[in-house]
Each structure stands twice: as structure tokens, then as C-alpha cells.
Amino acid sequence: MPIARAIVLRRLHCLILAGAVGGVSAGWAQGWAAAADLISPPAADARMRACTAQGPGFVFIPGTDTCLRVGGYLWVEGYYNTYTQYPPNYDKTYSISTGGLILDTRSATDYGTVRAYFETRFRWRTSDPWSDGPNTPTGSQPAQMDLRDAYVQFAGFTIGHGQSVFDFYGNANVLGTDPATIGDDTRLNLVSYTYEFSKNLSMSFSLEDAANRQSGILARNPILFGPYDFQAGVGAPDLVANLKYQASWGTLQLSGALHQVSASAVQTPAVAIGGGWGYALQAGAMFNLPALGEEDTLYLQSAYTSGATSYLGLQDPSGDYGVPDAFVGAGGNVTKVSGWNVTASLLHNWNERWSSALFGGYAAYDFNTTGIQAFYGASGGTNYNVGGYVAFAPVKKVSIALQYDYTYNSASSYRPTAFAPALPSVGAQQVLLFISRDF
């Protein structure tokens, strides 16, 4: 074969081979493209990003600039309670199971952080405290929902349902649903504003719904006008304020409140009688005690009230020592009840697993009404309680505790009458086995 012809045939074979390879490659590429068309593109990363600016546990809600923290807790409580001459049909033992849910959302704006906070408790209980159970015709039901907090905070304002601005200690070291010590611990509807003078010093003003503060007004002479509540309807919210100083060593707070005292006439027609304003004053201090133990604290607080009894935070398990805001006479004159209290609590962490607390309070009140002893069997009274617990944490955020508290009520200058307490004094005790898991 001539050399020129051989070269031409060789080039032709190469061109045919290159075309075949190219065709296969093109078909292969088209096949992959067709297969790729059948596969959805990968989704964007849906993982929540940490929102470190708002603190631990906060994450950004996908697609928003809002940070969210979800938390909660589970409580299992077993109780034993009794008091002097406890009715035999009442439940000395009962139990409570509680699930708590916390939602905390925060958004940064040009005007500061906008916060919405929600905490509620879903509860099943076999008995109310100091009673014969929840399934009574006029009593509560075993399944309960307790809205603890639901408020919005923005630019210094807090609007919604939350802790009273008056409160300081607020049963900080008392475990469980039912136990409490003397001193105010009230959640209610409010509109408050907090102004920060500095990093350490702030002042809060609050309008708080007075429906939670009505302790009643009784007739001076219940023989003529009956043992009824002559308190008029709510006419104005309570005016509450506090001044707070916080430092590394602890916290100081001064609180004050004005509470409207208004009665209905004991005779008909039942017109409203102005009783003026009652008031409450309180001073509290909390000391950090790192020398004693990590996160150890000591609370001390004291309050004085006149015509605003609810701010004393009295404890009355038997229900026989109810203290009104005032008494109203036949002439329409209203006399306010005065009182004072003192509360203390010490929390000590022995180590990372064991902790304990001691708490207690004392209160005294005076009816300030001449001759009231002849009808109600007392000129006033005293109330105190003491208690404490020991807690063990086998693992982080799990606690098992045993708590005991004793409460005492007595009537001053007691004498038996138709409207007096059944006994001059009553002592009550309560034991709690408390198991909790926080998350």
C-alpha cells in the first residue's frame, strides 16, 4: 500500500474513533443531566443558630431575627399535712404532678430588646391543701392550669401578668406548689415601668390590678349586720413602686404600695363608703455568701401595712384567722387593720450534690377597733412559721428533697364568741417529698 494512502486511512480511523468517543461522552453527559433533573436540589441548612447575644439556650427562629429559649420542668410532690383538730374527713396525704413550660422570645431593635415571656404549669392533684380533696361541689378540679407569667417587656415597660413590683423575697427558697412562708408573693395583671439610673440602681412604678389584693371589710357589729364582706367593688388599681440597688455582694430593695379601701354601707341602700387609701411599706436585703458556699444567699425583709393586709403574706392553713383590710361601722366610719412582719431565709450549698435551706417569718396585726373583741373574740393576732429542706442532686438538674414547715396562728386577747375562731391558737405542720427535673 502506498505510504500516502496509509496515512489517509489512519487519520480517517482516528476521526471515526474520536467521533464515537465524543458521542458516547455527550450521551453520558445528557443522561446525567436528565437524572439530575429528577433529583431535587439540596435544601438549605435548617439548623437553628445560637443567639449568644441573648444568653445561653437562645437560638434564632429560622427565617427571623427573633431569639427563642424553650425550657421547662417536671415536679412530683407527695404531701402529709395536718393541724390542731384537723377534721377527720380531710386528706392528710395527697400528691401533685406538675409540668411547667417556659417560652422566652427576644428581638433586638433600634429601641432596645423586645421580650415576650410565658410560663405556665399543667397540674394534676389529688387534693387541695388542708382540705378533703379537689372534687367537692364548690372546690377545684384535679386537672388544673396555672398561668404563672405572661408578659411583654419593651423600652422599660412590663405589660401583662407577672410578679408584683412590691415583692422581694417571694418564697425564693421554699419548694413545692403549696408551701409558703410569711411575706408577699403575688402574681397579678400589671403595667409597670423600670428606669435604670445606673448599672446598679433602678426604680420601678406599677399599676396593679387590685382584685388580687381584696382582703375584705367586715361589719364592726356582725350580730346586727351579719358576717359578710362589705368591701366595695374595685375602683382603682394599686399604685406600687420600688427602689432597687444591686451589687456583687447582694441586693437592697425598698417597696411601697397604695391600696384603695372602700366599703359598702352596712344598711340598705348599699351605697359605697370612701375609706381612703391603705398602704404597705417593705424593706428587703439579700446577701451573697461565697465564703460560706458557692451561690449561698441570706434574705432578710420586713413590711408594715395599714388597710392593705394582703401585703403581709399571712399563712392560715385552718382558715379560721382571716384578717380583713378594715371594719365598717353603722355610721359609715371605716377603721383600717394594721400589721407588720419579718422574714428570713438562708440557702447553703454543701457541695455540688447536697444543699439545704432554712426559712421562717413572723407577723402580728391589730384590729384597731374598740369593742371588736366582744364580737370577733380577738383584738388582733399573731402568725409565724418556720421550715427548711435538705436536697440531693444525683445528676445535673435533677433534685430529690425532703421539706418540713410548721405554721402557728393565735388570736390576741381571745374570748369565745359566735364569730371567733374555734380555738385561741392552731398549729399546723406539713411534710413534702419533692422530686424535680429541669430542662
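**Strand pairing, the disulfide and aromatic contacts**

Strands E4 and E5 pair in the antiparallel sense over 10 bridges. Two strands count as paired if DSSP finds at least two bridges between them. Helices (H or I, at least four residues) and strands (E, at least two) are DSSP runs, numbered from the N terminus. The model is predicted: local features need pLDDT of at least 70, side-chain atom pairs count only at pLDDT 80 or more, and totals for chains, interfaces and linings use all residues. Residues are numbered from 1 along each chain as its sequence is written, and side-chain values use heavy atoms, with hydrogens and water left out.

A hairpin of two residues joins E3 to E4. Thr-109 stands opposite Gly-112 in E4.

Asp-146 belongs to strand E5 (residues 143-154). Its relative accessibility is 26%, so Asp-146 counts as partly exposed (buried is under 20% relative accessible area, exposed over 50%, partly exposed in between, with a 1.4 Å probe and protein chains only). Leaving aside neighbours within four places in sequence, Asp-146 is in contact (heavy atoms within 4.5 Å) with Glu-119, Thr-120, Arg-121 and Arg-123. Asp-146 and Thr-120 are 26 residues apart along the chain, and their C-alpha atoms are separated by 5.7 Å.

A further sheet is open and holds three strands in the order E9-E14-E15, with mixed pairing. Strand E9 (217-219) and strand E15 (334-336) stand at the edges with a single partner strand each, so one side of each lacks a neighbour in the sheet. The twist averages 25° from one strand to the next; axes are lines fitted to C-alpha atoms, for helices over the stretch in contact, and angles run from 0 to 180 degrees between N-to-C directions. Strand E14 (residues 326-328) and E15 run antiparallel and are joined by three bridges. Ala-326 stands opposite Lys-336 in E15.

The structure holds one disulfide (a pair of cysteine sulfur atoms within 2.5 Å). Cys-51 and Cys-67 form it, with their sulfur atoms 2.0 Å apart. Cys-51 lies in the loop between helix H1 (3-38) and strand E1 (59-60), and Cys-67 in strand E2 (residues 66-83), so the pair ties together parts that are 16 residues apart in sequence. The torsion about the S-S bond of Cys-51 and Cys-67 is about 65°, so the disulfide is right-handed. Cys-51 and Cys-67 are buried.

There are 23 aromatic pairs in the structure. Rings of Phe, Tyr and Trp (its six-membered ring) pair if their centres lie within 6.5 Å; planes under 30 degrees apart count as stacked, over 60 as edge-to-face and the rest as tilted. Phe-327 and Phe-367 form an edge-to-face pair, 5.2 Å centre to centre with 75° between the planes. Phe-327 lies in strand E14 and Phe-367 in the loop between strand E17 (354-366) and helix H3 (372-376), so the pair ties together parts that are 40 residues apart in sequence. Both Phe-327 and Phe-367 are buried. The rings of Tyr-365 and Phe-367 have centres 5.9 Å apart and planes at 40°, so this pair is tilted. Tyr-365 is buried as well. Ring pairs link Phe-327, Tyr-365, Phe-367, Tyr-376 and Phe-419 into a cluster.

Charges also sit over rings (NZ of Lys or CZ of Arg within 6 Å of the ring centre and within 35 degrees of the ring normal). The charged end of Arg-49 sits over the ring of Phe-60, 4.6 Å from its centre. Arg-213 lies over the face of Tyr-311, at 3.8 Å from the ring centre.
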